[in-house]
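Keep the picture beside you and look up each part as you read.

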Amino acid sequence: MYDVIVVGGGPAGLTAAIYTSRAGLSTLVLEKMSLGGQAALTYRIDNYPGFKDIYGAELAADFEEHVRDAGAEIVLEEAVGFDFDKEVKVVRTASNHYETKAVILALGSERRKLGIPGEEKYTGRGVSYCATCDGNFFKNEDIAVVGGGNTAAGYALELADICRTVFLIYHGGELPAMYSLRKRLEKRSNIKVLHNREVREILGSNKVEQILVGNLKSGETETVKLDGVFVAVGMLPNSDLLPKDLLLPNGFIQTDEDGTTALPGVFAAGDLRQKKLYQIVTAMSDGANAAHSTQIYLRDSFEK
């Protein structure tokens with residue numbers, strides 16, 4: 001049995017694991033894919049203190065090295081079930097059954113879909129949700145990025161290095177991406193920002209060939225010929241398997257700043273939490289707070 005199981009290997013979960021391991025608590029990190037979470041899929045990061053400009057994959061690798069050095073055990077298995085109703089908690093995967101005194105939920109979020117005709121049909125055939133993963137398939141081609149936040153702006157900048165033309169399509173006026181990213185977009189001649197537009201359909205034969213775009217001001221529609229569509233329109237919390245009494249109506253978890261939830265011995269951190277700012281630094285702060293709360297809980301509950 002472990003002292004702590006951290007479910008999720010993004011910045012929040014890995015930070016929590018470092019803190020709990022350094023505190024002498026036996027710690028298991030369960031991650032279904034690869035470590036680093038959304039940070040690993042981000043092109044470049046320029047607002048993480050101490051690193052003026054670092055690739056997301058590089059930062060994620062540094063996180064992993066630090067966690068392993070701290071002494072945490074890392075297992076690449078997906079959690080498929082939880083039993084939180086007793087003092088000893090259980091986290092189940094497809095092949096194992098793990099017992100622990102406390103759980104830190106850092107499951108993060110996943111990419112929100114557009115929900116339009118053609119999106120599902122052409123996923124993997126021109127529709128992608130990760131520029132870092134799939135950008136090289138579109139060298140010297142024309143592509144669109146849908147969204148206006150930091151992720152969308154970062155995707156557009158990354159893809160502009162290898163693509164002929166990048167259409168950045170946003171449904172509103174001024175992009176909500178941070179100022180430094182907007183200024184970098186303005187300097188790239190092959191990035192065309194289309195404001196007040198929405199993608200209504202993705203069209204093609206065996207792969208993406210064009211999109212139908214609606215102008216939200218004029219009401220007119222037009223087709224744009226291109227080779228790929230990258231979707232970056234927000235996140236959905238990975239909370240489907242969690243007890244409903246932990247969740248808000250939108251699927252996120254409401255916690256205090258210390259990461260405590262409605263269930264004793266269960267804590268939450270990172271993008272799974274309902275909060276105003278979703279950034280690497282806020283996720284890591286969550287992880288540290290949840291780890292500290294876990295230490296207090298274990299001391300008070302198991303060291304009587």
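Let's start with a pair of helices: H1 (residues 11–22) and H3 (residues 56–70) pack at an angle of about 25°, with their axes 8 Å apart. This is a predicted model, in which local features need pLDDT of at least 70 and side-chain atom pairs count only at pLDDT 80 or more, while totals for chains, interfaces and linings use all residues. Residues are numbered from 1 along each chain as its sequence is written, and side-chain values use heavy atoms, with hydrogens and water left out.

**Reading the terms**

- Helices (H or I, at least four residues) and strands (E, at least two) are DSSP runs, numbered from the N terminus.
- Axes are lines fitted to C-alpha atoms, for helices over the stretch in contact, and angles run from 0 to 180 degrees between N-to-C directions.

**Helix H1 with helix H3**

- H1 and H3 are therefore roughly parallel to each other (angles under 35 degrees count as roughly parallel, over 145 as roughly antiparallel, 65 to 115 as roughly perpendicular and the rest as oblique).
- Their crossing is left-handed, a term for a near helix turned anticlockwise from the far one by less than a right angle, with right-handed used if it is clockwise.
- On the H1 side, Pro11, Leu14, Ala17, Ile18, Ser21 and Arg22 meet Phe63, His66, Val67, Asp69 and Ala70 of H3 (contact means heavy atoms within 4.5 Å).
- Sorted by class, the contact of H1 with H3 has seven nonpolar, two polar and two charged residues (Ala, Val, Leu, Ile, Met, Phe, Trp, Tyr, Cys and Pro count as nonpolar, Asp, Glu, Lys and Arg as charged, and the others, Gly among them, as polar).

- Side chains of opposite charge can pair when their charged atoms come close.
- Arginine 22 forms a salt bridge with aspartate 69, and their closest N and O atoms are 3.1 Å apart (a salt bridge is a side-chain nitrogen of Lys or Arg within 4 Å of a carboxyl oxygen of Asp or Glu).
- This pair links distant parts of the chain, with arginine 22 in helix H1 and aspartate 69 in helix H3, 47 residues apart.
- The whole structure has 14 salt bridges.

**Helix H1 with helix H7**

- The axes of H1 and helix H7 (residues 280–302) come within 7 Å and cross at roughly 40°.
- H1 passes H7 in a right-handed crossing.
- The residues of H1 in this contact include Ala12, Thr15 and Tyr19, while those of H7 include Ala283, Gly287 and Gln295.
- By class, the contact of H1 with H7 has nine nonpolar, four polar and no charged residues.

**The three-stranded sheet**

- An open sheet of three strands runs in the order S14-S15-S16, with antiparallel pairing (two strands pair if DSSP finds at least two bridges between them).
- Strands S14 (197–204) and S16 (221–225) stand at the edges, each with a single partner strand, so one side of each has no neighbour in the sheet.
- Neighbouring strands of this sheet are turned by 25° against each other on average, direction ignored.
- Strand S15 (residues 208–215) pairs with S16 over five bridges, and glutamine 210 has lysine 225 in S16 as its bridge partner.

- Strand S12 (residues 165–169) and S13 share four bridges, and valine 166 has isoleucine 191 as its bridge partner in S13.
- The axes of H5 and helix H6 (residues 179–186) come within 10 Å and cross at roughly 30°, and that makes H5 roughly parallel to H6.
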